[in-house]
Amino acid sequence: MHSVMAQTYTDIECIIIDDCGTDDSMAKCEQMIREYEGPIKFLILHHEHNRGLSAARNTGIHQTIGKWFYFLDSDDEITPHCIETLLKVGEEDEAIEMVQGSTRFRPFREKDPYDLSWQQLPSSMKDSETIKYWFFHKRKMRPAAWNKLLKRSFIMEHQLFFKDGLLFEDTLWTYYLLNCLNETRIVTETTHYYYSCPGSICTGTDIKIQAQNKGIVLYEILTNLPHGIERDVLRRYIDFFFYPGVSCVRSVFEYKSAFSLYWELARKYRCRSVQTDLALAYISSYFKNSDKVFKRLRRQSRRVARLKNRIM
């Protein structure tokens with residue numbers, strides 16, 4: 001809230017979604033709004049009951065009336081120049097549909113943040129093929145809803161809403177977003193601070209529930225592969241699929257179903273690296289510390305592959 005109030009660009013409406021949490025966050029928000037005397041408008045929308053992060057974001061999208069909007073999670077903050085910087089770039093060309101800012105990652109209880117910047121990306125991507133290349137093949141763009149200035153007309157045209165009731169909803173939403181994008185810009189200047197907090201929606205959730213949700217997300221992605229880049233997509237999501245969750249390969253139905261489909265598609269498109277990882281994960285699932293065993297086997301497998309390539 002303080003970071004929004006400190007924005008240098010002030011023609012903003014800040015929409016706060018009350019998703020019926022159990023703490024005093026909304027009371028604090030209401031108090032801050034009463035005491036605020038600046039030009040930024042604040043609006044609180046109340047859900048009748050807790051509906052989850054996806055529903056909260058969808059409520060916000062439907063309520064927006066401006067040309068652009070920006071997602072800000074409740075445990076993060078933005079730099080004072082965030083909106084001004086992203087908006088300035090977005091208004092350079094009417095064809096731009098999204099502006100991606102750079103992020104500083106602040107681990108919980110660690111003083112020194114480190115960059116999740118996009119300096120290795122081209123500052124301008126003007127066609128769908130280039131965007132897909134950098135996300136799926138080069139794996140340089142994070143599957144996250146935050147730190148993106150999004151054109152509302154583009155989101156509404158493609159009906160890019162979040163699937164209700166899911167963990168990792170960002171991953172599925174970003175997949176569809178990047179398959180629809182035709183023109184975007186990348187800003188290397190830090191505009192967002194991301195905090196990793198224990199007890200958050202993902203870090204505080206049981207591994208089996210995480211695996212169940214990952215299975216649902218991946219199954220939908222794998223049944224909607226873009227033509228021509230299937231192998232890139234299979235490689236792009238293999239790390240997301242396995243950490244954590246290897247122990248659930250044989251025990252959680254949704255995860256097991258996604259695993260089987262992953263294996264089938266890896267064979268179909270002759271994606272050997274993915275096949276190897278899937279086989280190692282299945283073997284590791286029989287061990288007590290399956291995630292650690294998988295990491296160890298995977299490291300050894302890649303060393304062997306590198307040596308083989310040098311010899312050949």
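Residues are numbered from 1 along each chain as its sequence is written, and side-chain values use heavy atoms, with hydrogens and water left out. Because this is a prediction, local features need pLDDT of at least 70 and side-chain atom pairs count only at pLDDT 80 or more, while totals for chains, interfaces and linings use all residues.

Eight of the eleven residues in α3 are buried, where buried means under 20% relative accessible area, exposed means over 50%, and partly exposed is in between, using a 1.4 Å probe and protein chains only. The buried ones are S54, A55, A56, R57, N58, T59, G60 and I61. What do they pack against? Their neighbours are the strands β1 (13-18), β2 (41-46) and β3 (68-70), plus the helices α6 (152-157) and α7.

Side chains of opposite charge can pair when their charged atoms come close. R57 does this with D170, in a salt bridge with an N to O distance of 2.4 Å (a salt bridge is a side-chain nitrogen of Lys or Arg within 4 Å of a carboxyl oxygen of Asp or Glu). D170 sits in helix α7 and R57 in helix α3, so this pair ties together parts that are 113 residues apart in sequence. Both D170 and R57 are buried.

How many salt bridges does the structure hold? There are 13. Another one joins E183 and R185, at 2.9 Å from N to O, and both of these residues are buried too. Then there is R302 with D277, whose closest N and O atoms are 3.6 Å apart. R302 counts as partly exposed because its relative accessibility is 42%, whereas D277 is at 6% and so counts as buried. Salt bridges with shared partners also join R57, D73, E169 and D170 into one network.

Back to α7 (residues 169-180), which also meets helix α5 (residues 128-137). Two packed helices are described by the angle between their axes and the distance between the axes. Here the axes come within 8 Å and cross at roughly 145° (axes are lines fitted to C-alpha atoms, for helices over the stretch in contact, and angles run from 0 to 180 degrees between N-to-C directions). From α5 come S128, I131, K132, F135 and F136, and from α7 come T174, Y175, L178 and N179, contact meaning heavy atoms within 4.5 Å.

Now for the loops. Most residues other than glycine have a negative phi. C20, in the loop between β1 and α2 (25-35), has a positive phi near 60°. R139, in the loop between α5 and β8 (148-151), also has a phi near 60°. C20 is partly exposed, at 30% relative accessible area, and R139 is partly exposed as well, at 38%.

Finally, K292 lies in helix α13 (residues 290-311). Is K292 buried or exposed? At 57% relative accessibility, K292 counts as exposed.

Notes:
Helix = DSSP H or I, 4+ residues; strand = E, 2+ residues; numbered from the N terminus.
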